[in-house]
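Here is my note on the aromatic side chains. Please read it with the model open.

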Amino acid sequence: MGWYTQYQLIHHLPFQLYISPLRLADPPIIRSLKDLEELINGIFGNILELREANARILDFFLVRRREEGGLLSTVGDIFLSAAADFRNLYPEYIGGLPKAEERLKIELNQNANFRAFVEVRCWRS
């Protein structure tokens, strides 16, 4: 598996395994759309923003690689330009992990349908 494919897999996995199927579930696993979005935000935090920031930095690398004929001679400027994106996003994501874990535990304990949903996906992955 190439590095770009691995990158795509890692960054799309939460959406493919959990977020999209939760949103598309029929019958719904979470009763209201508002509750569903609160659950997704509570568990996954700013993962969508992280994915977008990572996609932007990857695009910079791909453009640079194309411009330099496949071999990157410098990358520091790319990281410096991306630092503004990542400076707040990663601490926000990491800082939210304890609350995300607690939110997940609460939902697993209180919602048998959600617990079954998660168990099926954990078994597959």
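1. F61 is buried, at a relative accessible area of 17%. Buried means under 20% relative accessible area, exposed over 50%, and partly exposed in between (1.4 Å probe, protein chains only). F79 is partly exposed, at 46%.

2. This is a predicted model: local features need pLDDT of at least 70, side-chain atom pairs count only at pLDDT 80 or more, and totals for chains, interfaces and linings use all residues. Residues are numbered from 1 along each chain as its sequence is written, and side-chain values use heavy atoms, with hydrogens and water left out.

3. The structure holds five aromatic pairs. Rings of Phe, Tyr and Trp (its six-membered ring) pair if their centres lie within 6.5 Å; planes under 30 degrees apart count as stacked, over 60 as edge-to-face and the rest as tilted. The F61 and F79 rings have centres 5.4 Å apart and planes at 65 degrees, so this pair is edge-to-face. The pair links distant parts of the chain, 18 residues apart: F61 lies in helix α3 (residues 47-67) and F79 in helix α4 (residues 76-95). Helices (H or I, at least four residues) are DSSP runs, numbered from the N terminus.

4. F86 and Y90 are tilted, because their planes are at 35 degrees, with ring centres 5.4 Å apart. Both sit in helix α4, four residues apart, so about one helical turn separates them. F86 is buried, at 15%. Y90 is partly exposed, at 34%.

5. Look also at Y18, F44, F114 and F117: ring pairs link them into a cluster.

Definitions and conventions
Helices (H or I, at least four residues) and strands (E, at least two) are DSSP runs, numbered from the N terminus.
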